[in-house]
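Colleague: I have the model open. Can you walk me through it?

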Amino acid sequence: MTQAPINGQAEGGLEPIIRCRGLTRTYIKGDNTITPLAELDLDVARGEFIALMGPSGSGKTTLLNLVAGIDKPTSGSLRVGGVELADVSPSRLAAFRSEYIGYVFQLYNLVPVLTAYENVELPLLLHRLSGRERHQRVATALQLVGLADRHDHFPRQLSGGQEQRVAIARAIVTDPRIIVADEPTGDLDKESAAAVMALLEQLTAEMGKTIVMVTHDPKSAAHASRVLHLEKGRLVVQDERFATLAGA
Amino acid sequence: MKRLPLEYAVRNLARSPLRLVLSVVGSALVVLLVFAAAAFARGMEHSLRASGSSSTVIVLGAGSEESIERSEIGSSVASLIAASVRGIRTRAGVSYVSAEVHVQLPVFLAGPATPEGDERHPPEDSEDAPLTLVRGFTPSAFLVHPQVQIVEGAMPRVGYDEVMVGTLSATKLGVAPDELAIGRRLWLAEKLWTITGRFAAPATVMEAELWAPLTDLKLATTRETDSCVLVALDTAEFADIDAFCKQRLDLELAAMPESEYYSKLGEFYAPVRAVVWITAALIGLGGLFGGLNTMYAAFASRVRELAMLQCLGYSRPALIVSLVQESVLATAAGGLLGAAIGLLLLDGVAVRFSMGAFGLRADAAALSLSLGAAFALGLFGALPPAWRCLRLPIPEALKTG
């Protein structure tokens, strides 16, 4: 059964930056076929902040991974930034991720042997930039997340919230069009979580980034402009007013 | 392919100091072993090569081309060759023709002389004494063996049962060098001989020999024949000596260039070198498997981080290169350590062997080979674990602990 598309064009009539049609992902484990995502239709407009919610196994992380280009659909169409990801080779997918996607992980995934500065610089090394340009970009990103004074700190010298902010700086330093965040506040205390969510919100509002975030936390989801609920691999509800409700 | 900076690999080495020490020490041991094997093979090859000259011909008994020690030729052969063949090297009217006896004899060190007089016979267990090559020589030997130089004492006199020893003969006999000091005595062919001199013949098999006057040695061993005659050529060619040997069928002679003789001797020892190499390779293989385990443990703990790097856009080949860099850096450090220890401890060390003794040769070839082994250890020790850690799909790898 194909669902009616949930059209991101509602926001200002922009061309959707993410467009899914009949998007399906199945895995074969032994004799079983698991379908975490089935026949999904979805449009996400540029600059939207989408929160994906749902119980475990509902397919939200699978959708996130597909959008991020670290997984490939079994069938259907997935266009991200005009690129049809279903047809792209692994090497092209790596280039796509470097150019289009900034990834924020629940457990930060900073490289422990590199300083905050070097961690943020990592994605830039894939781009043709002079050392001076790289330095400027890293400094700007660290400043944006409020950690300019921690540039020479190693991850073990930072708090969880600071580590996540470094991870966000790393995700935005290449100026990607889309930021995908997998439970970015899942491992943080309330205060740090609020700071991180404020930062993500700022990225959408001030820099026009499109954010797709997986979360279990309604308070985090409240920062999104649209909340999508998935269940058993299907989109069951979208709630643009969730932010207002959760914030109440 | 955009690669991770080398610094990433360098800093990763410091993640687990214990693992780093294991990698470095393990590869140092393997490299030291390869270095020792290479130095052994190179030392043996060089010793045999340096012992023979292409402008010197050995004349020996027909049928004994494989071993001078089995050869017997008439005592007149040397003078006959000098008189019959034109173009032999001469100096002040003396021909470069050296009659020699080569014989393997048990050598037994004698005690110092006592006021009561010398023992009349070697001790009963002297038959268990180590065999060494004793060369009977005349002064002409120094003409055909220009490498030989007396470095201490004097040449033995004829008729006095005197002998001179090579600088590696102590190694060959398995005794301390001062046991063969000048003035010390030894039993040879049931006679007591006094050491009068010490000679060097760098990097040749002669350095492990004892040299005694030809006539004295022939008397002691009750032989009338010589083993061979060495002839240094000037304008003459090998074919001239060969023709002489073929014309004088009555003398039953054969000729061969000295370099060819030692080259054939080298072939005889090829299986020994092969065994040395195989042993080194097997131990190297053991080291490789140890390295595989260590590197797998090192990489397996970083599967999630490697997945994150792929999320950033780094390709798998780029990550494999980085992991190999890391592994090669560790084994290269071990390699340098092993090679340095080898250079310090092994170079020139004398090795006792059936052909005599020779010095281990830590030359550029041995060094290159052992450092190459370190590189191979790093490369092949990292590739399978790297591939194993990167083969997981990224979403799965991100979930690992």
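Predicted model: local features only at pLDDT ≥ 70, side-chain atom pairs only at ≥ 80, totals over all residues.

Colleague: What is the radius of gyration of chain B?

Modeller: Chain B has 29 Å, while a compact globule of 401 residues would be near 21 Å. The radius is taken over C-alpha atoms, and the globule rule is 2.2 Å times the number of residues to the power 0.38. The C-alpha trace of chain B spans about 90 × 55 × 35 Å along its principal axes.

Colleague: And what share of chain B is buried?

Modeller: Buried residues are 50% of the 401. Buried means under 20% relative accessible area, exposed over 50%, and partly exposed in between, with a 1.4 Å probe and protein chains only.

Colleague: New topic. How many aromatic pairs are there over all chains?

Modeller: The search of the whole structure finds nine. Rings of Phe, Tyr and Trp (its six-membered ring) pair if their centres lie within 6.5 Å; planes under 30 degrees apart count as stacked, over 60 as edge-to-face and the rest as tilted. One of the pairs is B:Phe40 with B:Phe358, edge-to-face at 5.3 Å centre to centre and 65° between the planes.

Colleague: Where in the chain do B:Phe40 and B:Phe358 lie?

Modeller: B:Phe40 is in helix H2 (residues 17–51) and B:Phe358 in strand E14 (residues 356–359), 318 residues apart. B:Phe40 is buried because its relative accessible area is 12%, and B:Phe358 counts as buried at 2%.

Colleague: What about B:Leu360, buried or exposed?

Modeller: B:Leu360 has 10% relative accessibility, so it counts as buried. Its place is the loop between E14 and helix H12 (364–390) of chain B. B:Leu360 and B:Ala38 are 322 residues apart in sequence, but 8.6 Å apart in space, C-alpha to C-alpha.

Colleague: On to charges. How many salt bridges over all chains?

Modeller: The count comes to 24. A salt bridge is a side-chain nitrogen of Lys or Arg within 4 Å of a carboxyl oxygen of Asp or Glu. B:Arg42 and B:Asp363 form one of them, at 2.8 Å from N to O. B:Arg42 lies in helix H2 and B:Asp363 in the loop between E14 and H12, so the pair ties together parts 321 residues apart in sequence.

Colleague: Which residues are linked with B:Arg42 and B:Asp363 in a network of salt bridges?

Modeller: B:Glu45, B:Arg273 and B:Arg361 are linked with them.

Colleague: Which residue of chain B forms a salt bridge with A:Glu118?

Modeller: B:Arg11 does, with the closest N and O atoms 2.5 Å apart. This pair crosses between chains, from helix H3 (residues 116–121) of chain A to helix H1 (residues 6–13) of chain B. A:Glu118 counts as buried because its relative accessibility is 18%.

Note on methods. Residues numbered from 1 in each chain as written. Chains lettered and ligands numbered in written order. Heavy atoms only, no water. Helix = DSSP H or I, 4+ residues; strand = E, 2+ residues; numbered from the N terminus.
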